[in-house]
Amino acid sequence: MAVAKKNTVPRRTSRSLSAIIRANVFTFFNLVIGVLWALILIFGQWQDSLFGLVIVANSMIGIVQELRAKRTLDRLAVVNEAPVTVRRDGRDELVHPEEIALGDVILLGPGDRVLVDGEVVAAQGLEIDESLLTGEADPVHKKPGDQMLSGSFAVAGSGAFVATKVGEDAYAAVLTRQASRFSLAHSDLRDGVAKFIKYITWLVIPIGALLIYSQLRHNEDFGSAITGAVAGIVTMIPEGLVLMTSIAFAVGVVRLGQRDALVQELPAIEGLARVDVLCVDKTGTLTAGGMDVDEVIPLRQDAPVDSALAALAHADPRPNATAQAIQACYPEAPGWTSTDIVPFSSARKWSGATFDGHGTWSLGAPDVLLPPGTQEYGTAATLAATGARVVALCRTEDREPVALITLKQRIRPDARETLRYFAEQGVTVKVISGDNPDAVSAIATYLDIPGGDRAVDARTLPSDDDEKLAEILESHTVFGRVTPQQKRLFVAALQSRGHTVAMTGDGVNDVLALKDADLGIAMGAGSPATKAVAQVVLLDNKFASLPEVVAEGRRVLANIERVSNLFLTKTFYAIALSLVVGVLGMVFPFAPRHSTLVNALTIGVPALFLALGPTAERSLPGFVPRVLRFAVPAGLITGAGVILSFSAAGGDRTAAVVTLFLVTWWVLVLIARPLNAWKIMLVGAMAVLFALALAIPFTRAFFELGTGGWTAVGISAAAAAGISIAVKLTGTLRT
């Protein structure tokens with residue numbers, strides 16, 4: 001008997017081991033450094049080939065860090081994958097998504113993802129959202145015989161379908177792999193670094209050729225000429241910049257994973273740093289999941305309120321939170337037979353059913369089911385203003401209200417502290433809820449959210465005036481009766497005002513907004529659909545985890561900007577030196593071994609620590625021009641100082657090396673600010689190590705160093721002062 005094909009697809013969250021090794025070993029930088037390293041081994045002295053070790057160091061560090069991130073992502077992805085209900089041999093059982101087999105009957109309810117293609121065999125008010133595939137936001141009603149495509153999800157009702165295409169044959173398999181893989185694409189930061197690399201590459205080629213020509217003309221010794229040319233070219237290449245960027249991202253993934261936050265798309269870390277508006281739903285975010293029936297208030301003494309409530313709650317095979325709370329209050333079904341069911345949906349805000357011999361009943365939002373201006377409508381509004389969730393029970397034939405039901409919601413104990421953190425960090429919180437505006441306002445006011453007492457009823461908002469909508473969103477913070485489509489419009493309106501918008505959610509009604517936001521954040525206990533489209537999933541379901549998540553994103557980007565300043569300063573002083581040396585036909589001021597020593601102590605080792613250190617700075621736009629405004633003047637002043645010191649010392653390379661170290665060490669001090677204990681220890685240790693290199697006979701001989709002289713120190717002090725003035729004038733560094 002043949003075994004049915006299983007829904008096996010490659011792990012989506014990360015690259016394979018071979019791909020990781022290839023990506024970190026076979027790089028443009030490794031090729032260039034490798035060629036230069038070979039030239040030194042052939043024509044120069046082995047002491048000048050130490051820079052070749054950067055190939056091994058870069059490759060090993062990159063591979064190890066990405067493997068750590070891969071393991072973290074793969075482990076969390078397994079936790080995040082919701083089980084699927086299938087019917088086999090007449091029994092319903094939960095299976096892992098990869099265990100779905102061709103021909104399985106898969107059951108669906110609100111919020112469930114359609115993971116494989118198939119054909120509908122049963123439907124009870126089943127509505128499928130195919131917007132992620134077609135772009136159409138309106139749900140599609142499905143009936144037996146209709147086709148189901150993977151990548152869609154259920155928004156209302158229930159049903160079942162037979163799997164006809166699984167694994168890589170399914171419609172959305174390729175799209176899912178592309179959307180969820182471990183990727184550095186679509187990142188402003190990565191694009192900025194790529195621009196640096198592209199421009200520098202074009203500069204290195206002609207300047208390197210000029211330098212080689214000048215060194216060959218000036219030096220009678222061919223080996224010395226090659227050594228001098230290689231020293232200049234190697235220094236121009238920011239070989240560690242891409243590595244440090246990748247490490248910072250990968251370590252960010254690991255750190256977030258340790259906090260039970262799954263980063264499904266790596267650029268999400270960059271989005272975390274840029275967020276300045278956070279849109280949250282009340283239910284599941286400010287309030288804890290689940291509710292309890294508080295009070296049932298009959299409005300008609302002759303109506304079978306308890307039986308109708310119990311019948312409605314038990315009629316829905318996939319009850320929402322409200323129906324589950326009513327089921328808990330009425331554990332026994334009254335025995336009413338339903339002949340037609342309209343399941344609850346966020347867009348309608350009500351559900352209903354027709355029962356044989358008992359008529360048609362509906363349960364939902366009072367301001368949707370009850371006529372405005374009536375006594376019952378006013379009573380419901382008064383109850384909602386206390387912060388309770390209120391639903392109305394009605395006889396649908398004549399819209400007769402027969403009862404109001406209040407449900408207790410549990411406010412998360414950490415919500416107030418979390419909201420205070422975002423206020424301190426300059427992140428505006430917008431509460432966007434489908435609940436009654438008065439109920440949302442009561443909770444927002446209790447949590448001290450600014451503007452919480454001025455909740456806006458989303459039904460009064462303009463639907464055809466994007467500018468007016470954006471103005472209202474700017475001036476208000478709490479919104480009630482927001483439809484799923486409006487949440488999407490809210491995100492777009494805020495983005496049109498230049499905001500970087502994060503959206504949190506746990507319900508199927510949040511999917512479209514999560515997808516459109518700059519950063520979608522889903523709760524681990526939320527619907528499978530929300531977790532599928534979100535870039536970050538909080539597996540511990542804690543709203544209080546968000547500050548740590550945002551802080552991690554800020555740490556990554558702020559630190560990458562710091563190390564970019566270091567690497568690009570090196571590149572620009574090397575370009576300046578190479579141009580001057582090439583035009584004037586001078587000997588290059590230092591050898592590759594000198595460059596290796598200084599770069600290790602002022603860039604390589606410090607950058608590794610700075611890239612991973614703590615910081616709370618929010619990332620600001622303009623990364624590329626801000627780094628250039630620092631690195632260009634700092635590099636030019638450093639280059640001028642080295643040339644001046646080299647010339648004043650009559651061609652003494654030690655003077656040039658001392659000046660190069662002291663000036664770039666001062667650049668490190670400027671970039672490391674604000675200086676705290678560990679940063680002072682870091683920059684101090686680098687100075688001590690250089691002093692030891694000058695003092696210990698073995699290292700002094702190995703690096704061919706003398707004493708340097710006070711002239712070099714004086715020129716270094718002047719150059720450092722010049723860089724400090726340039727930084728002050730350009731305002732490129734935040735302290």
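Rings of Phe, Tyr and Trp (its six-membered ring) pair if their centres lie within 6.5 Å; planes under 30 degrees apart count as stacked, over 60 as edge-to-face and the rest as tilted. Keep that in mind for this one.

Some ground rules. This is a predicted model, where local features need pLDDT of at least 70, side-chain atom pairs count only at pLDDT 80 or more, and totals for chains, interfaces and linings use all residues. Residues are numbered from 1 along each chain as its sequence is written, and side-chain values use heavy atoms, with hydrogens and water left out.

So, the rings. The structure holds 8 aromatic pairs. One of them joins Phe479 and Phe490 edge-to-face, 5.3 Å centre to centre, with 65° between the planes. This pair links distant parts of the chain: Phe479 is in strand E18, Phe490 in helix H17 (residues 484–496), 11 residues apart. Helices (H or I, at least four residues) and strands (E, at least two) are DSSP runs, numbered from the N terminus.

Is Phe479 buried or exposed? Phe479 counts as buried because its relative accessibility is 0%. Phe490 is buried too, at 1%. The cut-offs: buried is under 20% relative accessible area, exposed over 50%, partly exposed in between (1.4 Å probe, protein chains only).

Next, Phe588 and Phe590. They also pair edge-to-face, at 5.0 Å centre to centre and 80° between the planes. Both are buried. Elsewhere, ring pairs link Trp336, Phe355 and Trp361 into a cluster.

Back to strand E18. E18 (residues 478–480) pairs with strand E16 (residues 428–432) in the parallel sense, over 2 bridges. Pairing takes at least two bridges found by DSSP. Ile432 stands opposite Phe479.
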